[in-house]
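Hello,

Here is the structure I promised to pass on to you. Please have a look at it first, and then read on for what I found in it.

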2 protein chains.
Amino acid sequence: MGVKERQEREREAVARAILDAARELFVAEGYRNVSIRKIAEKIEYSPAAIYSYFPSKDDIFLALAEEGFRILLTCNEEASAADPIDRIRAGFWRLYEFSKEHPEYFALMFVDRSVPSISQDWQRFGFVREMKHQMAAHIQTVINDGLFPPGTEADAVFQILLASIHGVAVLRLCERLAPAQNADALARDTLEAALTGLRAGIPRALQTASSQSSDC
Amino acid sequence: MGVKERQEREREAVARAILDAARELFVAEGYRNVSIRKIAEKIEYSPAAIYSYFPSKDDIFLALAEEGFRILLTCNEEASAADPIDRIRAGFWRLYEFSKEHPEYFALMFVDRSVPSISQDWQRFGFVREMKHQMAAHIQTVINDGLFPPGTEADAVFQILLASIHGVAVLRLCERLAPAQNADALARDTLEAALTGLRAGIPRALQTASSQSSDC
DNA sequence: TTATACTAGTGAACACTGTTCATATGGTCA
DNA sequence: TGACCATATGAACAGTGTTCACTAGTATAA
């Protein structure tokens with residue numbers, strides 16, 4: 001009498017097919033150039049059918065972003081290196097690798113502004129906070145081991161390293177690097193520079209965020 | 001007999017009006033949500049008229065990106081600080097400020113992937129190369145003054161600092177920071193960390209870009 | 001001054017988009 | 001067998017970027 005169960009399984013299978021088709025199309029042609037009709041055609045359903053699985057095209061987008069975080073998180077969990085600093089390195093390097101292996105996931109998770117709702121819901125994604133805590137916790141233990149100058153805040157280290165590696169990932173993803181430029185080497189060096197700088201100690205500077213506006 | 005001149009002036013005025021209207025609408029509603037019809041309505045012309053000034057919506061986009069580079073470049077020219085390191089700081093800080101003051105320009109110039117052609121034409125933009133040369137030239141003199149470890153490449157310094165500040169700018173622009181997070185402070189610290197790290201000297205590491213893939 | 005040439009701008013249309021809804025289909029259960 | 005209900009559909013709506021035959025109006029040449 002597993003009729004309900006089977007029906008539910010079938011529903012999930014179709015939803016899965018929609019997401020797979022959408023992801024493949026997004027990667028191949030970009031979100032903007034993928035229409036519901038194209039997704040429908042790929043899974044051999046009518047366009048209208050999709051709307052009984054997802055309320056809108058944006059929601060397909062969001063569902064994929066959610067999956068992206070899940071993938072990145074499970075990736076991060078298997079982090080283990082002898083040197084604790086190496087483990088930090090590896091953690092952020094993995095984010096960069098992720099941006100290469102899953103460019104479309106990365107784009108929706110960290111870059112895309114074309115989906116209106118993601119900006120709103122961003123902080124609601126439990127994944128973001130979880131990822132942050134995972135890394136920040138490890139960084140804290142490293143700080144406690146005295147591998148960073150006294151008074152260093154784990155949260156600040158996390159944000160700075162994230163921003164650094166993020167910059168390279170986005171430049172690469174958005175094709176804003178010279179063709180000759182070796183993105184991997186740049187990623188390594190940028191991460192290394194930030195890490196070295198943090199360990200050397202950066203001036204805590206002016207407490208208030210200095211407003212040296214350029215006025216142009 | 002300045003008929004041709006007057007006609008040309010009028011053409012430019014309308015083109016200007018289209019760009020202004022498009023920019024305002026892009027900032028207010030985002031590229032995706034702005035239609036040619038909306039732009040046309042704003043300047044009180046028919047939608048078709050726009051196509052005798054720009055071949056496509058994407059070309060309006062590109063024209064604005066070009067303007068963005070011009071603005072950023074003229075901004076950068078008035079760079080002058082006593083300390084040569086401060087001048088480097090100021091240069092990249094200006095890019096960050098630019099991302100705040102002209103978010104839509106910045107987005108088209110550095111992060112947008114929704115316009116298919118920009119990825120192709122990116123390297124053709126003389127502006128990009130010019131901006132790079134401007135900064136790299138100054139960095140070279142600083143290196144010559146011995147303020148960086150011997151053997152440091154100006155181009156690498158430029159790329160690393162650019163990537164670092166770019167990361168913060170994008171995180172802020174795309175609203176991927178916690179609401180409490182002070183973006184300016186993060187920008188300052190990230191830039192400082194990279195600069196400190198570069199001056200301390202980062203290992204030139206494995207020559208070939210190490211392929212430490214995470215395989216997930 | 002008249003006739004020609006040219007230009008800018010238009011309205012209507014084409015082929016597409018995301019989305020909605022009444023309708024039909026076919027399996028489930030009493 | 002007959003009632004039910006989830007699923008999928010075709011057709012349509014309102015909107016999109018873009019094209020094109022056409023018109024009104026101005027500039028040039030005869």
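**What I found**

By class, nine nonpolar, five polar and four charged residues form the surface near DNA strand D. Please keep in mind that this is a predicted model.

Staying with DNA strand D, 18 residues surround it, and the closest are Ser46(A), Ala48(A), Ser35(B), Ala48(B) and Ser56(B). Which elements supply at least two residues each to this surface? From chain A they are helix 1 (3-29) and helix 3 (47-50), and from chain B they are helix 2 (36-42) and helix 3 (47-50).

Now for DNA strand C. It has 18 residues around it, and the nearest of these are Ser35(A), Ala48(A), Ser56(A), Ser46(B) and Ala48(B). The surface near DNA strand C draws at least two residues from each of helix 2 (36-42) and helix 3 of chain A, and from each of helix 1 (3-29) and helix 3 of chain B. Sorted by class, the residues near DNA strand C are nine nonpolar, five polar and four charged.

Next, the two protein chains. Chain A can be superposed on chain B by a rotation of 179° with 0.0 Å of shift along its axis, at an RMSD of 0.2 Å. That is the relation of a two-fold axis.

How many residues does each chain bring to the contact? Chain A gives 51 residues and chain B gives 51 residues. On the side of chain A that touches chain B, the elements giving two or more residues are helix 5 (84-101), helix 6 (103-111), helix 9 (154-173) and helix 10 (183-200). Helix 10 of chain A gives the most to that side, with 14 residues. In terms of class, the side of chain A that touches chain B holds 26 nonpolar, 15 polar and 10 charged residues. Because 100% of the interface residues of chain A are also interface residues in chain B, the copies meet through the same surface.

Finally, a few words on chain A by itself. Chain A has 10 helices and zero strands, and along the sequence its pattern reads α-α-α-α-α-α-α-α-α-α. What share of its 216 residues counts as buried? For chain A the figure is 34%. Among the contacts in chain A with a separation of 6 or more, 62% are between residues 24 or more positions apart.

Enjoy looking around!

Best wishes

Methods. Residues are numbered from 1 along each chain as its sequence is written. Chains are lettered from A and ligands numbered from 1 in the order in which they are written. This is a predicted model: local features need pLDDT of at least 70, side-chain atom pairs count only at pLDDT 80 or more; totals for chains, interfaces and linings use all residues. Two residues are in contact if their C-beta atoms, placed from the backbone, lie within 7 Å. Helices (H or I, at least four residues) and strands (E, at least two) are DSSP runs, numbered from the N terminus. Ala, Val, Leu, Ile, Met, Phe, Trp, Tyr, Cys and Pro count as nonpolar, Asp, Glu, Lys and Arg as charged, and the others, Gly among them, as polar. A residue is near a molecule or strand if its C-beta atom, placed from the backbone, lies within 6 Å of it. Copies are superposed by least squares on the C-alpha atoms of residues with pLDDT of at least 70 in both. A residue is buried if 20 or more other C-beta atoms lie within 10 Å of its own, exposed if 12 or fewer, and partly exposed in between; C-beta atoms are placed from the backbone.
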